Amino acid sequence: MSPRLFLRSCLSSHPILRPLRLQRRTLIAAPSPNDGPLLTRRSDRALPEIPSSRKLWLRTLPIFLSIITLSTLAIFNYQKASSSIVNATLYALRTSETGKRELGEQVYFRDKFPWIWGEMNQLHGRIDISFGVKGTKGRGVMRFKSVRKTRMGFFETQEWSLEMEDGRKLQLLDETRDDPFKHTALQAQS
């Protein structure tokens with residue numbers, strides 16, 4: 001007699017070991033879509049087939065990566081847009097005579113969600129940004145470029161200009177006047 005048959009006969013005949021006896025239950029197939037309502041469900045039913053997740057994973061990976069990339073760009077742009085440099089240049093543009101003459105009152109970002117183009121690297125002393133602005137009279141793109149030549153030095157404004165929609169480029173940095181960004185947040189951070 002084989003050991004398996006012997007074990008089975010011992011389990012079925014002995015009263016103490018009877019509860020340990022192996023139970024045989026038939027598996028019930030998973031319901032198909034046209035079976036009607038499922039009123040009861042046995043716990044030992046056959047599980048449905050799981051579709052291959054590799055194809056789904058390969059399809060959704062580019063979508064996931066593009067969402068992560070766009071989110072990262074939006075976060076960095078938000079950080080630039082809310083920086084003291086952008087606030088200082090926007091304030092200086094609002095109080096500038098040329099800015100008032102060309103753009104009018106209520107100078108602010110041109111777009112609802114402004115995009116700040118360029119580099120803003122205060123650690124290495126390089127700021128070169130541009131963004132769209134608008135007022136009650138006109139619209140344009142403001143560009144600001146400032147560098148810090150020494151590690152503990154002050155930022156020096158090299159360019160501060162406003163390019164209007166009609167193509168005119170106006171220099172907002174007046175050589176006869178002092179730098180409008182002296183004693184502002186740009187100097188306080190260096």
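Select Phe 131 and show what surrounds it: leaving aside neighbours within four places in sequence, Phe 131 is in contact with Val 86, Thr 89, Leu 90, Phe 109, Trp 115, Ile 116, Gly 140, Val 141 and Met 142. The model is a predicted one.

Next, colour the largest nonpolar core, a set of 23 residues. Phe 131 is among those with the most contacts inside this core, as are Leu 93, Ile 129, Val 133, Trp 160 and Leu 162. At least two residues of the core come from each of helix 3, strand 3 (126-134), strand 4 (139-147) and strand 5 (156-164). Helix 3 gives the most, with five residues.

Now select helix 3, residues 84-95. Its buried residues are Ile 85, Val 86, Ala 88, Thr 89, Leu 90, Ala 92 and Leu 93. In general, an α-helix has 3.6 residues a turn, so residues three or four places apart point the same way.

Step back to Ser 83, in the loop between helix 2 (53-81) and helix 3. Is Ser 83 buried or exposed? Its relative accessibility is 12%, under the 20% cut-off, so Ser 83 counts as buried. A polar atom of the Ser 83 side chain lies 2.9 Å from the backbone oxygen of Lys 80.

Continue back along helix 2, which has 29 residues. From first C-alpha to last, helix 2 reaches 41 Å, close to the 42 Å expected at 1.5 Å a residue. Centre on Thr 60 to see a kink of about 30 degrees, shortly before the proline Pro 62.

Turn to the strands. Strand 2 (residues 117-121) pairs with strand 3 in the antiparallel sense over five bridges. Select Gly 118 and, opposite it in strand 3, Ile 129. The two strands form a hairpin with four residues between them, and in the turn Gly 125 has a positive phi of about 80 degrees.

Move on to strand 4 and strand 5, which run antiparallel and are joined by eight bridges. Select Met 142, whose bridge partner in strand 5 is Leu 162. Leu 162 in turn has Leu 170 of strand 6 as a bridge partner. Strand 6 (residues 169-171) runs antiparallel to strand 5, with three bridges joining them.

Finish at the hairpin of strand 5 and strand 6, with four residues between them. Select Gly 167 in the turn, where phi is positive at about 100 degrees.

Methods: Residues are numbered from 1 along each chain as its sequence is written. This is a predicted model: local features need pLDDT of at least 70, side-chain atom pairs count only at pLDDT 80 or more; totals for chains, interfaces and linings use all residues. Side-chain values use heavy atoms; hydrogens and water are left out. Buried means under 20% relative accessible area, exposed over 50%, partly exposed in between (1.4 Å probe, protein chains only). A polar contact is a pair of N or O atoms within 3.5 Å; within protein, one must be able to donate a hydrogen and the other to accept it, and residues adjacent in sequence count only if both atoms are side-chain atoms. A nonpolar core is a set of buried Ala, Val, Leu, Ile, Met, Phe, Trp, Tyr and Cys residues joined through side-chain atoms within 4.5 Å. Contact means heavy atoms within 4.5 Å. Two strands pair if DSSP finds at least two bridges between them. The expected span of a helix is 1.5 Å times one less than its number of residues. The bend at a residue is the angle between axes fitted to the seven residues ending there and the seven starting there.
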